[in-house]
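Colleague: I would like to learn how to read a model of this kind, taking one feature at a time. Could you give me the general idea first and then the case at hand?

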Amino acid sequence: MKKFEITAQKDTRSGFGAGLLEAARHDERVVGLCADLTGSLMMDAFQKEYPHRFFQTGIAEANMMGLASGLAIGGKIPFTGTFANFSTGRVYDQIRQSIAYSHKNVKICASHAGLTLGEDGATHQILEDIGLMKMLPGMTVINPCDYNQTKAATLAIAQYYGPVYLRFGRPKWPVFTPENQVFEIGKALMLNEGADVSIFATGHLVWKAIQAGEILAEKGISAEIINIHTIKPLDAEAVLNSARKTRCVVTAEEHQINGGLGDSIAQILARNLPTPVEMVAVMDSFGESGKPEELLTKYHLDTSDVVAAAERAIARKI
Amino acid sequence: MDSTQLQVMATQVRRDILRQVYNVQSGHPGGSLGLADYFTALFFHFMKHNPSAFSMEANHEDVFILSNGHVSPVYYSVLARSGYFPVSELNTFRLINSRLQGHPATHEGLPGIRVATGSLGQGLSVAAGIALSKKLNKDDRTIYVVTGDGELQEGQIWEAVMYAAHNKLDNMLVAVDFNGQQIDGSIADIMGFDEIGSKFASFGWEVMYMDGNNMDEILTTVPQALSKLGHGKPVVIIMKTEMGQGVDFMMGTHAWHGKAPNAEQFEKAMAQLPETELGDF
Ligand SMILES: Cc1ncc(C[n+]2csc(CCOP(=O)(O)OP(=O)(O)O)c2C)c(N)n1
Ligand SMILES: [Mg+2]
């Protein structure tokens, strides 16, 4: 098993903040909108440097999505910022009609995704956002795994034309991807080649998958670990190539089992290469208040859960 | 309770707010402290409710809906101290496996809560629905609602404001927590509305004004507001409050909207709120 070094502990939302500032320096069409969460989204540095390109919308997310669509019509590249729940569920029809169906170049940037926002609890912990957004035709859905990758993804989506949902989180999290690694939208990243089981992970759970890979290696199991930072469009080739080799699959995500990465991968496999799949995800429930790590344990999104899923998947191999 | 007793209770509620937020180092003290007086007056003086036998339907009881759910610490304190659940349960605020979620929820079955709030802008619509059901049930009790002022930026609020006036929901008393602050700064800087009251009035609401941090004024204004119910219009009180009221260094700023005090700040804050015979949790 390849060694991964933790170079820092940083929140992925800070990666977004840093990426946005850099994207804005490269391209004057980049504008930012925020609905009264500028500090939480780490958009303050951008706001400070480009006050005339920053639009404070107040606590009015539906209006913000409409404004973003209009700014895109005017040739701007709008980045909207609010929590993941208020970036998706709250404004679904606004996104659907004014952004997705109308194919507007809007980047919907969503912080505090998943359980790991912690104490604010289930009202804020959306676990359905990947599903909601990936169902929209033409929407790109990205869920990077650490600070460096979130920064790189932010720069990449600024250069890509079309609607994008970029999902990131609140807590400090291990940074282990290289600084300045180029982010290719839709291209899965092989982290560790293995022979016995394929683990496809996204977002914060990529780190859990790596830790699980180490434990599996000690047990003599060779896990292939692939970082699916882009859930849509999904890198079908990478999924099929790996599954062909290992003949069993685990998916891991900080999301509901319904509608998440696991569903997307299962769909590709069912249609092309039926393969046993075990899913590490939240089992059709809402979240709750608590510390991020406690919640990952309680809702079975921990390293040990990935290990157990891998063992189950291997046992199901045909 | 009389005014003096209510003021003692409000001080205890403020102590509870600080302790809850301090214990877990998370939560929203600012708005909660500003609302302590009004919540105390409602739960211990005005509302006809039945804390020891909580019923979701609240037939022939007054109903309270908190739309700005982030001020859960003030809500939990008055619920516990009026008897909905044990005061000691305040120790579980925002912890895993607790009924006291970061934002009020029905999901864990906490008595006193009738709908989850936290995502802003939704509570007034739910309250209007309850108002409709009371009319259908020929139940003449009152629906009390609290909303934030920043929260009024959500469009859904104005859908509900329009609806309540058009449908003559004159069994609703809404209080807007007019503290002039939200997360990113003052309301005036973020999305200023010069005069909230005239906006409600133009939609057809009866509008009143009150200092929400003056117990005597609350005790005279709320009965006047209640006497305006039943005349074809919903009633709103634009309630001036101070975010962080009662703790000098938390006042006059938006900084304490959603920030927990450290140990030193906690001691300093508690020292400004004299212990009461009710006792801390
Ligand atoms: C729909 C929605 N958008 C954003 C938030 C994040 N948020 C929580 S409280 C708050 C500010 C609310 O301002 P106000 O109603 O004035 O409450 P106060 O800060 O005075 O307590 C924001 C933006 C939210 N909870 N819900
Ligand atoms: Mg306010």
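Colleague: How many residues of chain A are in contact with residues of chain B?

Modeller: Two residues are in contact if their C-beta atoms, placed from the backbone, lie within 7 Å; here 26 residues of chain A are in contact with 26 residues of chain B. This is a predicted model, in which local features need pLDDT of at least 70 and side-chain atom pairs count only at pLDDT 80 or more, while totals for chains, interfaces and linings use all residues. Residues are numbered from 1 along each chain as its sequence is written, and chains are lettered from A and ligands numbered from 1 in the order in which they are written.

Colleague: Which helix gives the most to the side of chain A that touches chain B?

Modeller: Helices (H or I, at least four residues) and strands (E, at least two) are DSSP runs, numbered from the N terminus. On the side of chain A that touches chain B, α3 (61-73), α4 (84-87) and α11 (292-298) of chain A each supply at least two residues, and α11(A) gives the most, with three residues.

Colleague: How is chain B itself built, and which elements does it have?

Modeller: Chain B has nine helices and five strands, which run α-α-β-α-α-β-α-β-α-α-β-α-β-α from the N terminus on. The radius of gyration, taken over C-alpha atoms, can be set against the globule rule, 2.2 Å times the number of residues to the power 0.38. For chain B it is 17 Å, close to the 19 Å that the rule gives for 281 residues, so chain B is as compact as a globular protein of that length.

Colleague: What surrounds ligand 1, and why is the site shared between chains?

Modeller: A residue is near a molecule if its C-beta atom, placed from the backbone, lies within 6 Å of it. The site is shared because residues from chains A and B surround ligand 1. Of the 24 residues around ligand 1, those that come nearest are Gly31(B), Gly148(B), Gly150(B), Glu151(B) and Gln182(B).

Colleague: Which residues of α12(A) are buried?

Modeller: A residue is buried if 20 or more other C-beta atoms, placed from the backbone, lie within 10 Å of its own. In α12(A), this holds for Thr303(A), Asp305(A), Val306(A), Val307(A), Ala309(A), Ala310(A) and Ala313(A). What covers the buried residues of α12(A) includes the helix α8 (205-218) and the strands β10 (197-201) and β11 (223-227) of chain A.

Terms used
Buried ≥ 20, exposed ≤ 12 C-beta atoms within 10 Å, placed from the backbone.
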